[in-house]
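Visitor: Please take me through one part of this model at close range. I would like its surroundings as well.

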Amino acid sequence: MGQGLSCASSSYDHDFFTAVQAGDLQAVDSSLKDDPSLLLRTTIYDRLSALHIAAANGRVEVLSMILDRSVSPDVLNRDKQTPLMLAAMHGKIECVQKLLDSGANILMFDSVNGRTCLHHAAYYGHSDCLRAILSAAKSTHVASSWGFARFVNVSDGTGATPLHLAARQKRPSCVHILVDNGALVCASTGRYGFPGSTPLHLAARGGSLDCIRELLARGADRLQRDSSGRMPYEVALKQNHGECAALLNPSAADPLVWPSALKFISELDSETKALLEAALMEGNREREMKILKGTTDSLTSPAHSDKAFDDDVSEGSDAEFCSICFDRVCTIEVQDCRHQMCAQCTLAVCCHSKPNPTTLFLPSPACPFCRSSISRLVTTKARDTGDQNTTSKPRRFRHCSSEGSSSFKGLSSAVGSFGLMGCGSGRITDSSDMVDKL
Ligand SMILES: [Zn+2]
Ligand SMILES: [Zn+2]
């Protein structure tokens, strides 16, 4: 990446750059008092300025001091890389933030592969830097001049978007952030990798199960072929990534996909979103267990992610059980009617809303209990207030009204089909189980 200090033009310069690299604020300050022009010098070979060196090494105090002296934050090195790009490559989040605050341009392209700072953060898997750059992109002129969606999907010189790079380099958290911010999961590359590769092809090549999960959950198409006619499944097989191939096999059960209807529900707060996402991944994990069973003896244990759910469903707790599945605790509250259900049933409700084929109008999902349209989804009060208040919580579903029951029957088919897609335990169809709980 060329942030070394090779070949400073003199030992005097070398001492200055060494002090910058080491974050020695005093030495840097006294050098600059002697010779302010040091700020304009660069190393001979890589043409690194003091700002580049401070950024790449995470020396935020030195970086701030230099920026305070009216140095442009967008000075270029030999490869036309900015200090922001180097900070993003090395995961120096404080420097990334400081440079962004100082107005660093996020839309610069280097001369190596024509990549932006967003590409570099995604490639090296620095999700904190990625978030900071995306957040800056929303507030700076980039959003108005270029458009935020275009920035998220910016291609490098070979046609690779940040999502392609994150998928290829096995960076699932970056994949998650990017798709969450509108990165196109089905975008094809130009020359990068094998021509016409989608992020799913590249994740298959890299062999990252987690990236594949993220992409499938956001609607990536297992049937899409690259320019040579290969599906991601074939790429995974060729690379001997057996588990990845099993999930990518077009004949394996369809993955559960984040419902597009949720985009129409305003103000999905981060806690609610996290609950729903966890429910989605849990549903897919159940499906994976079935798919992967037998493909290998040593399955990757899904234990780490099961924990979130075990916490929710502790036997004998006071928490209210979901009246749809009778299996999990209510964690999501529908507004404005305040009916409650579990996260997985909420997903089922939202998946069930199909666009009207004649108008392509996507209706806002309706509450399964009262049929009023869902304006917001929030977490249940019980979760917010802890155990003390559970007794005062309104017990809405102990007694189903006749109207509620009929809506409920309508939903059972939705939940049932949802179950077939791999989500939920399908217990809704088990009448004996329902009788037990009622
Ligand atoms: Zn439920
Ligand atoms: Zn309702």
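**Helix packing and the core**

Guide: H2 passes H4 in a right-handed crossing. The contact is made by Leu25, Val28 and Asp29 on the H2 side, and by Glu61, Val62 and Met65 on the H4 side. By class, these residues are four nonpolar, no polar and two charged. H2 covers residues 25–34 and H4 covers residues 60–68. Their axes come within 10 Å and cross at roughly 25°. Angles under 35 degrees count as roughly parallel, and H2 and H4 are therefore roughly parallel to each other. Keep in mind that this is a predicted model.

Now to helix H12, residues 172–180. Seven of its nine residues are buried, so H12 is largely enclosed by the rest of the structure. The buried residues are Pro172, Cys174, Val175, His176, Ile177, Leu178 and Val179. What covers them? The cover includes helices H7 (117–123), H8 (127–139), H10 (148–152), H11 (162–168) and H14 (209–217). After H12 comes Gly182, with a positive phi near 100°.

Take H14 from that cover. H12 and H14 pack with their axes 8 Å apart, at an angle of about 15°. That makes H12 roughly parallel to H14. H12 passes H14 in a right-handed crossing. From H12, Pro172, Val175, His176 and Val179 take part. They meet Asp210, Cys211, Glu214 and Leu215 of H14. This contact has five nonpolar, one polar and two charged residues.

H10 is another part of the cover. Phe151 lies in H10. Phe151 counts as buried because it has 24 C-beta neighbours inside 10 Å, and the cut-off is 20 or more. Leaving aside residues up to four places away in sequence, Phe151 touches Ala137, Val142 and Trp146. Phe151 and Ala137 are 14 residues apart along the chain. Their C-alpha atoms are separated by 7.6 Å.

Last, the core. The largest nonpolar core has 106 residues. Those with the most contacts inside it are Ala88, Val96, Ile133, Leu178, Ile212 and Leu215. Leu178 is one of the buried residues of H12. Leu215 is one of the H14 residues in the contact with H12.

Note on methods
Residues numbered from 1 in each chain as written. Chains lettered and ligands numbered in written order. Predicted model: local features only at pLDDT ≥ 70, side-chain atom pairs only at ≥ 80, totals over all residues. Buried ≥ 20, exposed ≤ 12 C-beta atoms within 10 Å, placed from the backbone. Helix = DSSP H or I, 4+ residues; strand = E, 2+ residues; numbered from the N terminus. Contact = placed C-beta atoms within 7 Å. Axes fitted to C-alpha atoms, helices over the stretch in contact; angles between N-to-C directions. Parallel < 35°, antiparallel > 145°, perpendicular 65-115°, else oblique. Left-handed = near helix turned anticlockwise from the far one by under 90°. Nonpolar A, V, L, I, M, F, W, Y, C, P; charged D, E, K, R; others polar. Core = buried A, V, L, I, M, F, W, Y, C linked by C-beta atoms within 7 Å.
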